[in-house]
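Hello,

Here is the structure I said I would pass on. My notes on it follow below the files.

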2 protein chains.
Amino acid sequence: MSDSDKSVVSRLRKLIGEGFYQPGERIGEVAVAEQLGVSRTPVRLAFRTLEQEGLLQRAGKRGFMVREFTEADVLCAVEVRGVLEGLAARRLAEQGLSPELAEELTVWIQKGRDLLAKGYLEERDVDVWSELNRRFHETIVGSAGSPVIGDAIARNNHLPFAAADSIVIDSEALDREYRKLQLAQTQHELVFQALRHGEGARAEMLMREHAFIGLRYGELWGLG
Amino acid sequence: MSDSDKSVVSRLRKLIGEGFYQPGERIGEVAVAEQLGVSRTPVRLAFRTLEQEGLLQRAGKRGFMVREFTEADVLCAVEVRGVLEGLAARRLAEQGLSPELAEELTVWIQKGRDLLAKGYLEERDVDVWSELNRRFHETIVGSAGSPVIGDAIARNNHLPFAAADSIVIDSEALDREYRKLQLAQTQHELVFQALRHGEGARAEMLMREHAFIGLRYGELWGLG
DNA sequence: TATGCTTTAGTTGGATCCATTGTTAATTTC
DNA sequence: GAAATTAACAATGGATCCAACTAAAGCATA
């Protein structure tokens, strides 16, 4: 994929995510091409990619429309990520954790501890958490014995709000977000514990529950 | 998607599935275009679709290669389908079966009973089973409250041997396949039972186990 | 003889052109 | 006045052209 090609896909993804093209709205090749300052060809290619990702939908016989997502869709996407990451965790527990992998996971666990040790959250901590969280999940999924699970998760993550690192949003209520991250950190540690002891079923269930953290946990502290 | 466009994607899918293009082999746009008798444009579009489906893979900086699947990949894809269909079944059990849906599922259950009632399997029965099996699974997945799960399954099914209806292959050992289908039918009935009684966890586990039927069950009767 | 540089050929990406199709609007007829 | 048919326009799909880049092959030099 050329830079430009990738750029068209990601720029279009961004525009759709930001609501520049309204859900349900018909999206034309020429309009997008002019908007992005390229010819129709890379846009046509990008449409096929975005269709497979689920962001675009065929509009009748001709052309595409922006797919609209209901609240149920978002919930479902989170659950899908949960069962898939749960599957990865169970497989990893069953096949046994190698010393190298345990070491790798320990790094991200420790980074989480360090981040939360000072007892509160700063603005710039958000990116640090996002990074270590992503690496923790990637490490587990990437070690499940086959790229198939990771691929399925990656495709699912293209749906808005489904990705694992879309946890922290409200940077104006950092004290509340701190409690959320504290819980996430605890869940990470519990998952790691289960993995080390080969407890497949427990690792799976913990991971599934962990997926919900960006969704309903706010209600616990009156954020919902 | 125009007829021709769809045709290029599916014809290419077929050629790859049949091994016309070897796994790991570099696949060129011009070669495919000449092979299929079209210009490069629809081929380029099809490559993007097939990349997202997981059948093609970027080959370094330039072009695509046919993705190769290990035995572990196939096993993993089956497990992925299992957890996703399990998720759909659990959600369906939790939200409760509507009378219409129960009626619909009963139809496919009954067709399965009828098919197996005579005690043996004929060549033409294979298609009948394939159809009713597909409809049974589609009905459950399609009623899970959001198309997201179905989409994830559909994408996963593009991987060879991962689809639910790739059960019956050996049409020369119909007596052995009969026992397999008998078990599949029993599993369908148990899933239906769990769904009717709102037993979410049971429905999920049964569905997950059911996914393995095309994979390891042959070993039970010395087919492995 | 091996390594590095240069040149050339082949392949991919982007833009444009043409044909086909779907949609919309206008005109005609009932 | 409304509905249907036709014509015109807009948008998509396919093909081709051109440019850029990668990779491979050949040649020269150390």
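I begin with the DNA. A polar side-chain atom of A:Thr41 sits 2.6 Å from a base nitrogen of DNA strand C. Please keep in mind that this is a predicted model, and that the distance is computed from its coordinates.

The side chain of B:Arg44 places an N or O atom 3.1 Å from a base nitrogen of DNA strand C, and B:Arg62 has a polar side-chain atom 2.2 Å from a base oxygen of DNA strand C. Which elements give two or more residues to the surface near DNA strand C? They are H1 and H3 of chain A, together with helix H3 (40-53) of chain B.

There are 15 residues around DNA strand C, and those that come nearest are A:Ser39, A:Thr41, B:Glu29, B:Arg40 and B:Arg62. Of the atoms of DNA strand C that come within 4 Å of the protein, 53% belong to sugar and phosphate.

Next, the two protein chains.

Within chain A, 3 strands make up an open sheet, ordered S1-S3-S2, with antiparallel pairing. Strand S1 (26-27) and strand S2 (56-58) of chain A are at the edges and have a single partner strand each, so one side of each has no neighbour in the sheet. S1(A) is joined to strand S3 (residues 64-66) of chain A by 2 bridges, and the two run antiparallel. In this pairing A:Arg26 stands opposite A:Met65 of S3(A).

Helix H3 (residues 40-53) of chain A, already mentioned for its part in the surface near DNA strand C, lies across S1, S2 and S3 of chain A. Its direction is at about 95° to S2(A).

Last, confidence. The average pLDDT of chain A is 88, and 89% of the residues score at least 70. Among the elements of chain A, the lowest mean pLDDT, 81, belongs to helix H1 (residues 3-17), and the highest, 97, to helix H9 (residues 200-210). H1 of chain A is also one of the elements listed above for the surface near DNA strand C. Where pLDDT is low, predicted coordinates should not be read in detail.

Regards

How values were computed:
Residues are numbered from 1 along each chain as its sequence is written. Chains are lettered from A and ligands numbered from 1 in the order in which they are written. This is a predicted model: local features need pLDDT of at least 70, side-chain atom pairs count only at pLDDT 80 or more; totals for chains, interfaces and linings use all residues. Side-chain values use heavy atoms; hydrogens and water are left out. Two strands pair if DSSP finds at least two bridges between them. Helices (H or I, at least four residues) and strands (E, at least two) are DSSP runs, numbered from the N terminus. Contact means heavy atoms within 4.5 Å. Axes are lines fitted to C-alpha atoms, for helices over the stretch in contact, and angles run from 0 to 180 degrees between N-to-C directions. pLDDT is the predictor's confidence in each residue, from 0 to 100. A residue is near a molecule or strand if one of its heavy atoms lies within 4 Å of it. A polar contact is a pair of N or O atoms within 3.5 Å; within protein, one must be able to donate a hydrogen and the other to accept it, and residues adjacent in sequence count only if both atoms are side-chain atoms.
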